[in-house]
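This note sets out comments on the aromatic side chains and their surroundings. Please read the numbered points alongside the structure shown here.

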Amino acid sequence: MVCSPRIKRLFSAAFAVAVLCGSGMGDLNSAAWAKSHRTETQPSALGIVGVRLNSDGSGLTLDANRPFSGTETRNFSVLKLPSPYRILLDIPNARLAGGQKIFLVNQNGIDRVELVETHSAFYSSVRAIVYVNDSQTLARLSPEFEGAALKLAGATPMAMTPAQIASTSFAKTPIGKVAQPLPPVAKPATAMITKYPPTPPLVLRRPDAALASAAQKTVLDVPVAPGVAIVEDVYFRDNKLFVQAEPGATLRIKNRFNLTEPNRLVLELDDAVLRSRDLLEPISTKAQDIRQIRVGQFDDKTVRIVIEGNDPEQCEAIYHGGEKNLLAISPYSSTSITKLSANTRLGEVQSIDLKREGNNTVLRLAASTPIVHRFLKKDDRLVLDLLNQAANPTNIGFDARLYPEIEKMRLEPLNEGQPNSKLAIDFARPGTKVIPTVSDDGKVLELQISVDAVAAASSAFPNIAGLGAAGKAPFPARIVVDAGHGGKDYGAMRGGSNEKDLNLALAMMVRDALEAKGFKVYMTRSTDEFLPLPKITAITNQIHPDLFISIHHNASVNAAANGIETYYYTPQSVAFARKVHAREINNVGARDGGVKKAMFYVIHHTSVPAILCEVGYVSNPSELTALQGFERKSKTARAIADGVVDYLKTRVSAKAK
């Protein structure tokens with residue numbers, strides 16, 4: 001299963017620091033306000049040097065080369081996840097002695113521990129993934145710091161004598177090597193401690209005039225390409241989270257997706273880097289609907305923001321004051337939006353105008369007082385709630401030939417008898433993007449409306465009812481087929497079926513269908529074994545095939561959810577995803593869940609066109625019965641193989657042309 005969106009692949013891609021923001025509206029005079037960052041004496045670099053069982057049988061302990069500092073304990077994060085049961089412990093600004101490790105524990109309800117280091121010029125961290133046997137163990141274990149030790153403990157599940165503890169050993173298995181026994185660590189041993197050079201503070205080194213004229217910039221002495229925005233400040237004020245880049249820069253949101261358990265919204269800023277490690281400090285708020293605010297450098301060109309709260313999906317990000325280097329991120333909820341402050345000025349909508357700017361439509365809404373609004377967009381519809389602006393209900397006319405992105409617009413009351421209103425806009429097609437901007441005085445709201453060509457194309461399928469036979473392979477392409485999950489990773493579990501088994505059975509049938517058409521097929525696994533996600537992509541990139549296909553079955557807390565979904569991430573994978581998805585819908589006859597973009601690890605870190613197929617929902621009892629049957633498996637396998645042929649025919653045609 002890959003949840004929609006899938007937690008595991010998103011968080012396994014690279015260590016990402018969670019970010020949270022506040023709610024509401026307000027004015028900003030950034031020149032008159034300066035944020036003060038907390039400073040703390042930099043200790044020597046933190047190294048994680050060992051793992052050992054707790055002597056009372058309550059859990060396990062990660063040992064460091066020195067005591068954890070206050071900043072490190074504040075920035076530390078923990079996340080508990082099901083399917084499989086595991087705990088993610090993220091330790092920022094840390095290094096790992098000896099690289100990636102796997103410890104096979106099989107004690108205290110703990111199956112194994114994986115330690116992984118993420119390191120770049122901007123950030124270093126260690127993630128410990130603790131796999132446990134059941135939900136009870138998952139619930140009872142919690143982290144605590146004791147000097148140079150990070151303990152993961154809880155109520156002791158069973159009594160263990162000192163002799164049993166002393167005789168317990170882990171099997172440390174570096175990736176690709178044979179497991180060797182490792183004696184337990186009673187305490188951090190001097191011989192195990194790895195010294196790291198002090199980590200220099202991350203600062204913006206501004207170029208001299210000659211370099212500036214050539215648009216040469218460096219952060220931590222690493223060149224920053226022209227066009228990359230350097231984020232200089234992140235702060236919370238007036239119930240908003242502000243992200244401010246250097247003057248003249250442009251902050252762009254390239255990805256937006258939702259996660260659950262806990263509820264959070266992820267925003268990723270493209271071509272952006274953080275000026276300083278100080279920006280990784282947690283930001284405290286007193287907002288009613290907010291639980292946490294953090295910011296992180298996801299990779300060398302992506303700043304990640306995660307908004308966690310009661311209903312983070314309703315957050316909006318707008319350019320403040322017309323400046324594209326300043327984003328204001330405002331969350332709303334059913335409680336916060338109804339509570340206008342006592343000094344909020346009521347007004348009325350004065351005008352709504354449309355104009356063309358290049359290939360985009362710009363809607364300009366002017367009001368008599370600063371606008372307090374709520375911005376909600378879903379699929380091909382946008383609703384703009386004007387919480388303090390009254391308006392007479394009316395259908396807004398326009399020339400559809402000049403503004404083809406818009407199907408219709410209507411202005412109407414938000415709450416009968418109240419001085420508020422809403423503007424509802426139906427777009428002509430899915431994939432329409434909207435970028436809002438608020439004027440300095442707050443009285444003018446502009447919406448830049450454009451069509452995302454990739455999203456529109458992936459959602460606008462032709463009539464596929466008449467798709468003919470795909471035929472044989474146009475050339476003997478090499479294809480990697482990945483059966484998701486495996487071994488200790490069961491995936492979704494419903495009705496006595498494990499997703500890992502369904503994935504493997506279908507993947508083998510896909511292999512057979514592809515080979516029958518003349519393709520060369522490589523399987524990431526052909527037995528019930530566990531493969532870490534980095535190893536799956538490493539295998540694929542070493543083979544360097546023409547295509548990569550990952551097979552999964554979906555699941556949801558909503559038992560009525562059903563249908564087929566196909567995921568891609570890279571632009572080179574869009575056409576591939578469309579062709580395979582069209583064949584699946586045509587051949588299988590299940591509900592069309594759409595072609596979607598998501599940063600799942602195996603399709604994000606693969607260098608060739610790659611897709612992830614969610615072939616149906618095991619959480620839907622009737623669909624699970626079908627998925628277990630030979631007929632549905634056979635139709636799905638043949639459909640995927642036909643989609644591959646369809647796609648490779650277009651590649652051949654393009655090359656020949």
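1. The count of aromatic pairs comes to 5, where rings of Phe, Tyr and Trp (its six-membered ring) pair if their centres lie within 6.5 Å, with planes under 30 degrees apart counted as stacked, over 60 as edge-to-face and the rest as tilted. The model is predicted, so local features need pLDDT of at least 70 and side-chain atom pairs pLDDT 80 or more, while totals for chains, interfaces and linings use all residues. Residues are numbered from 1 along each chain as its sequence is written, and side-chain values use heavy atoms, leaving out hydrogens and water.

2. One of these pairs joins Tyr131 and Phe530: the ring centres are 6.3 Å apart and the planes stand at 70°, so the pair is edge-to-face. Because Tyr131 lies in strand S8 (residues 124-132) and Phe530 in the loop between strand S39 (520-523) and helix H8 (533-543), the pair ties together parts 399 residues apart in sequence. Helices (H or I, at least four residues) and strands (E, at least two) are DSSP runs, numbered from the N terminus.

3. Tyr131 counts as buried at 5% relative accessibility, whereas Phe530, at 22%, counts as partly exposed. Buried means under 20% relative accessible area, exposed over 50%, and partly exposed in between (1.4 Å probe, protein chains only).

4. The charged end of Arg112 sits over the ring of Phe530, 4.3 Å from its centre. The criterion is NZ of Lys or CZ of Arg within 6 Å of the ring centre and within 35 degrees of the ring normal.
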